[in-house]
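Here are my notes for your first read of this model. Keep the structure open beside them and find each residue as it comes up.

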Amino acid sequence: MKKIVGLSVAALLIIGIIGGATFAYFSDTEIAVDNTLTAGTLNLQVGAADPCTESINLGTQIDPGDSGTAADWTVVNQGSMSGRLRVTFDSTITNNENTWTEPEENAVPPDATSGADEGELGDFVDIAIWLDINESGSWDSGDKYLQSDGTVVDWVGAGPLPSAAYDAINNYSALDWDYTDGDGMPTMVSSDNLDFMVEYDFPSDPNDDWAQSDSSVFDVTFVLEQIP
Ligand SMILES: [Ca+2]
Ligand SMILES: [Ca+2]
Ligand SMILES: [Ca+2]
Ligand SMILES: [Ca+2]
């Protein structure tokens, strides 16, 4: 009886050894930790501060014969992603009559409207909006202007900003320029920058007395759109 028990124990030990050998294959384990998804950023800055604090302010009144640069604002893609620049003009362009001066009233023909928002300056002053892509300070290769028919026009050759770039302020109401218009608004990669420029020209006109003391006010919106 003792011998049988001894054999059984030996058999169990052999089975145990064989069983243990079943779990002795090689293995290796790796763990991917801290799995994270982070969204990119699309952040446009126009001018010196973000959010934008710029507005056209010539610091002086304008008269027939005056022209010059009204805005020169650096536009920067401060985000991590590329985007397409879009610029829109608000539909409301407000022309303040301010005072209805004696020369306006007695012009021949007279300024026939004297209401608070019935000024005429927006009919007489032309502006040109252009993008100084290479920030050279001058209209040259690669630059674009935003025409008052809603198209975007590329620089084509030497010379000053074309006269076709200019139109009366009132003709810019509700315009919207994006990458689909004309030669297209630019794509800006991260950290890309360009200069947004506005030129003005107040040509003399037989009826320009109608605009004495008037002011023209408009909003411009800048958008950087994600590229799908
Ligand atoms: Ca006036
Ligand atoms: Ca008027
Ligand atoms: Ca340029
Ligand atoms: Ca007027």
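**Notes on the predicted model**

1. Start with the calcium ion (ligand 4). Its protein donors are E97 (OE), E97 (OE), E104 (OE), D111 (OD), E120 (OE), W210 (O), D214 (OD) and D214 (OD), at 2.1 to 3.0 Å. Bear in mind that this is a predicted model. Along the chain, these donors are spaced E-x6-E-x6-D-x8-E-x89-W-x3-D.

2. Which distant parts of the chain does the pair D111 and D214 link? D111 sits in the loop between α2 and α3, and D214 in the loop between β11 and β12. They are 103 residues apart. Both D111 and D214 are buried.

3. Now look at the neighbouring ion in this note, the calcium ion (ligand 1). E97 bridges it and the calcium ion (ligand 4), and the two ions lie 3.7 Å apart. The calcium ion (ligand 1) is coordinated by E97 (O), E97 (OE), T99 (O), E104 (OE), E104 (OE), Q212 (O), S213 (OG) and D214 (OD). The distances run from 2.2 to 2.5 Å. Its donors follow the spacing E-x1-T-x4-E-x107-Q-S-D.

4. Here too, distant parts of the chain are linked: E104 belongs to helix α2 (residues 102-105), and Q212 to the loop between β11 and β12, 108 residues away. Are these two buried or exposed? E104 is buried because its relative accessibility is 0%, under the 20% cut-off. Q212 counts as partly exposed, at 30%.

5. Most residues other than glycine have a negative phi. S213 lies in the loop between β11 and β12 and is partly exposed, at 33% relative accessibility.

6. S191 also has a positive phi, about 75 degrees, without being a glycine. Find S191 in the loop between β10 (187-188) and β11. S191 counts as exposed because its relative accessible area is 53%, over the 50% cut-off.

7. Check two peptide bonds. The one joining D50 and P51 is cis, with omega about 10 degrees. P51 is in the loop between β1 and β2. The bond from V108 to P109 is cis as well, with omega near -5 degrees. P109 is in the loop between α2 and α3. Most peptide bonds are trans.

8. Move to the calcium ion (ligand 3). Its protein donors are D132 (OD), N134 (OD1), S136 (OG), S138 (O), D140 (OD), D143 (OD) and D143 (OD), at 2.2 to 2.9 Å. The donor residues are spaced D-x1-N-x1-S-x1-S-x1-D-x2-D. S138 is partly exposed, with a relative accessible area of 34%.

9. Next, the largest nonpolar core. It holds 32 residues, and L85, I129, W177 and F196 touch the most other members. At least two residues each come from β1 (44-46), β2, β3 (83-89), α3 (121-124), β5 (126-132), β11 and β13. Another core, of eight residues, lies apart from it and includes W130, W139, Y145 and A165.

10. Finish with the largest pocket. Its volume is about 870 Å³. Of its 35 lining residues, L58, I62, L121, S215 and S216 are the closest to its centre. Two or more lining residues come from each of β2 (67-77), β11 (193-201), β12 (215-217) and β13 (220-226). The lining divides into 20 nonpolar, nine polar and six charged residues.

How values were computed: Residues are numbered from 1 along each chain as its sequence is written. Chains are lettered from A and ligands numbered from 1 in the order in which they are written. This is a predicted model: local features need pLDDT of at least 70, side-chain atom pairs count only at pLDDT 80 or more; totals for chains, interfaces and linings use all residues. Side-chain values use heavy atoms; hydrogens and water are left out. Donors are N, O and S atoms within 2.8 Å of the metal (3.2 Å for Na, K and Ca); water is not among the atoms, so sites may look incomplete. Buried means under 20% relative accessible area, exposed over 50%, partly exposed in between (1.4 Å probe, protein chains only). On a 1 Å grid over the protein atoms alone, a cavity is a set of points where a 1.4 Å probe fits but cannot get out, and a pocket is an open set with protein on both sides within 12 Å along at least five of seven lines; lining residues have an atom within 4 Å of a point. Grid points are joined across faces, edges and corners, and a volume is the space filled by probe spheres set on the points. Helices (H or I, at least four residues) and strands (E, at least two) are DSSP runs, numbered from the N terminus. Ala, Val, Leu, Ile, Met, Phe, Trp, Tyr, Cys and Pro count as nonpolar, Asp, Glu, Lys and Arg as charged, and the others, Gly among them, as polar. A nonpolar core is a set of buried Ala, Val, Leu, Ile, Met, Phe, Trp, Tyr and Cys residues joined through side-chain atoms within 4.5 Å.
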